[in-house]
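Here is a short briefing on one protein chain. Have the sequence and the 3D view side by side as you read.

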Amino acid sequence: MAQKAAKQTARRNTSILNRAHLITLGIHALFIILRLLIFRSSATRTTSLLYIILSSPSLFIEFWFERIGRPTYSNQGSTGAELRKSGEDLEAKGLTEYMWDVLYWTWGCVAAAAMFGDRAWWMWLIIPMYSAWLAYTTFGGMRQGMVGTAKVSDGVQPGAQGGSNRQKKLEKRGGQKVQYR
């Protein structure tokens, strides 16, 4: 079975993208039905403007996921479609995970704004705060990692004081000495 992992990734990406599109369609339909048809008196130009501006990042992210994650197939005639490209893994860590977080939070904000009004759009401010926290913790982790390299530059070898108990006993007895590079 050639390309088993690629075929699994393609299948998983297709189901994830289809589910995301259906959820987006449902949430935006809910907003349009509730805000613009049922609660028509509360629908103002500001409501429409907030909806367009604050839901556009989620639509952009979905377009991006569609572009990088949708598998492509080549038609081979009688043998059927052959997987040409499985797409990027949409469950990857890092930036993809962060983009999913923004997408989920925006869906929640659109649904809350549909049910509770324009004040629910203030929840959207959590996304930049989350981004700042993520950047701070990432930078803090890198800074702590650089502290470990500073010891080497001071002339102190990193494993001289540490090491396993077995190595310490061997060195104490005068046996095999571990050389650090």
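**A histidine, a serine and the core**

H28 sits in helix 1. This is a predicted model.

- H28 has a relative accessible area of 10%. The cut-off for buried is under 20%, so H28 counts as buried.
- A polar contact of 2.6 Å links the side chain of H28 to the side chain of Y51.
- Beyond four places in sequence, H28 is in contact with Y51, S55, S58, L59 and V110.

**The nonpolar core**
- The largest nonpolar core contains 27 residues.
- F31, I61, F65, L90, W100, V110 and W121 have the most contacts inside this core.
- At least two residues of this core come from each of helix 1 (4-38), helix 2 (45-69) and helix 3 (95-116).
- Helix 3 gives the largest share, with 11 residues.
- W100 touches I16, A20, F65 and L90, leaving out residues up to four places away in sequence.
- V110, listed among the core residues with the most contacts, is also in contact with H28.

**S56**
- S56 belongs to helix 2.
- Is S56 buried, partly exposed or exposed? Its relative accessibility is 35%, so S56 counts as partly exposed.
- Between S56 and T106 the C-alpha to C-alpha distance is 9.3 Å. In sequence, S56 and T106 are 50 residues apart.

Technical notes. Residues numbered from 1 in each chain as written. Predicted model: local features only at pLDDT ≥ 70, side-chain atom pairs only at ≥ 80, totals over all residues. Heavy atoms only, no water. Core = buried A, V, L, I, M, F, W, Y, C linked by side-chain atoms within 4.5 Å. Buried < 20%, exposed > 50% of the residue type's maximum accessible area, 1.4 Å probe, protein only. Helix = DSSP H or I, 4+ residues; strand = E, 2+ residues; numbered from the N terminus. Contact = heavy atoms within 4.5 Å. Polar contact = N/O pair within 3.5 Å; in protein donor to acceptor, adjacent residues only side chain to side chain.
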